[in-house]
Amino acid sequence: MGFPVVRARRLRSSETIRRMVRENRLTVDDLVYPLFATNGQGVKNPVASMPGVFQLSVDLIVEEAGEAVKLGIPAVLLFGIPVYKDEKGSSAFDDNEAVQCAIRAIKEKYPQLLVIPDLCMCEYTSHGHCGILDEQGNVLNDETIAILAKIALSYARAGADIVAPSDMMDGRVGAIREALDAHGYSNIPIMAYSAKYASGFYGPFRDVAESTPQFGDRRGYQMDPANSDEALKEVWLDIEEGADIVMVKPALPYLDIIRRVKDEFQVPVAAYNVSGEYAMIKAAALNGWLEEKRVVLEALTGIKRAGADIIITYHAKDAAKWLKE
Ligand code: PB1
């Protein structure tokens, strides 16, 4: 049977029928809003490559968190711009640094908002890599995961609801899980950046987080963009080590990976719509080349259709407003 008995356009003839048969729906519950915490008071530093994204001091980050709560966004993801950086990234586990202070301040005012600190060292190391280096500039995996566990405990003490390791060291999920459990934090879930690619789409983030590697690149620990099977191995390993949520990152250039991970594993899958993806749309919209609202919602719906349960996106506030309209 086929045309003319079958006419696919019958189910597109009105917005009402299109709504009735719609297969995927983006909702505000899917969204996580990344924020960048810095020190000081009343600080709101714009970043040219990410229009609408700012380095915010804790007082202003609490206000921004309040905006997220008003819009119904369930969670914020926190990154830090510390007062000091050193070879060992020691400001990352300083209980009085910006992220730890932001966690405490947000949880005090908005206890219902989930606060998820990104857990890595690149914002805190003087060299900008995601771990401790040897003399040759290689990231030392096992020494690094010991520091990551210390950072996780610092975030847990501050009141983090979930921790999100983004470093891509082997064994870090198990090390963080063991440390949290040993210190009474067995209820804190881990959202692991499991399939995180050595992507060219992170540039604008590195502007905001001041985390560009001073030499080399992250290909020695982040995944090769050409690999797909390897992503399933990484996700499997993280689940085995105790990850509660797994993540694919970036999102739009990796929708196939999101789909494969969702089909293969029965755990929540997050996708990170990264800074370069955001900057592309913002630049095109600011130049009048694309209709921002339409393409943002289309992109986020595509990430959802690919299988993501959670979408980390700098568009979160705008998308939440547009979804209310
Ligand atoms: O939006 C983004 O580009 C996110 C970048 C991401 C944050 N977790 C990493 C980018 C990078 O590799 O520099 C940071 C790695 N810890």
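Good morning. I begin with helix α5, which spans residues 172-182 and whose buried residues are Arg172, Val173, Ala175, Ile176, Arg177, Ala179 and Leu180. Please keep in mind throughout that this is a predicted model. An α-helix has 3.6 residues a turn, so residues three or four places apart point the same way. What do the buried residues of α5 pack against? Their partners are β5 (114-119), α4 (141-158), β6 (164-165), β7 (191-196) and α7 (229-241). Just after α5 comes glycine 184, with a positive phi of about 85 degrees.

Let us turn to the ligand. It is surrounded by 19 residues, of which the closest are Lys196, Arg206, Lys249, Ser275 and Tyr314. Both β7 and α6 (203-209) contribute at least two residues each to this shell. The ligand sits in the largest cavity. Which polar side-chain atoms lie by its nitrogen and oxygen atoms? In aspartate 118, a side-chain N or O atom is 3.3 Å from a nitrogen atom of the ligand. For serine 166, a polar side-chain atom is 3.1 Å from a ligand nitrogen atom. For glutamine 222, a polar side-chain atom is 2.9 Å from a ligand oxygen atom. Taken alone, the ligand exposes 410 Å², and the protein buries 100% of that area.

My next residue is glutamate 64, located in helix α2 (residues 58-71). Is glutamate 64 buried or exposed? It counts as buried because its relative accessibility is 15%, and buried means under 20%. The side chain of glutamate 64 makes a polar contact of 2.9 Å with that of lysine 317. Apart from neighbours within four places in sequence, glutamate 64 touches Tyr33, Leu35, Leu56 and Lys317.

Finally, I come to the backbone. Most residues other than glycine have a negative phi, and most peptide bonds are trans. Where does this model depart from that pattern? A cis peptide bond, with omega of about 5 degrees, links phenylalanine 3 to proline 4, and proline 4 belongs to the segment before α1 (15-21). Another cis bond, with omega of about 0 degrees, joins lysine 249 and proline 250; proline 250 is in the loop between β8 (245-249) and α8 (255-264).

As for positive phi values, methionine 168 has one near 70 degrees. Methionine 168 lies in the loop between β6 and α5 and, at 5% relative accessibility, counts as buried. Glutamate 210, in the loop between α6 and α7, has a positive phi of about 50 degrees. Glutamate 210 is partly exposed, at a relative accessible area of 41%. Thank you for your attention.

Technical notes: Residues are numbered from 1 along each chain as its sequence is written. This is a predicted model: local features need pLDDT of at least 70, side-chain atom pairs count only at pLDDT 80 or more; totals for chains, interfaces and linings use all residues. Side-chain values use heavy atoms; hydrogens and water are left out. Buried means under 20% relative accessible area, exposed over 50%, partly exposed in between (1.4 Å probe, protein chains only). Helices (H or I, at least four residues) and strands (E, at least two) are DSSP runs, numbered from the N terminus. Contact means heavy atoms within 4.5 Å. A residue is near a molecule or strand if one of its heavy atoms lies within 4 Å of it. A polar contact is a pair of N or O atoms within 3.5 Å; within protein, one must be able to donate a hydrogen and the other to accept it, and residues adjacent in sequence count only if both atoms are side-chain atoms. Accessible areas come from the Shrake-Rupley method with a 1.4 Å probe; for residues, only the protein chains shown count as cover. On a 1 Å grid over the protein atoms alone, a cavity is a set of points where a 1.4 Å probe fits but cannot get out, and a pocket is an open set with protein on both sides within 12 Å along at least five of seven lines; lining residues have an atom within 4 Å of a point. A molecule sits in a cavity or pocket if more than half of its atoms lie within 2 Å of its grid points.
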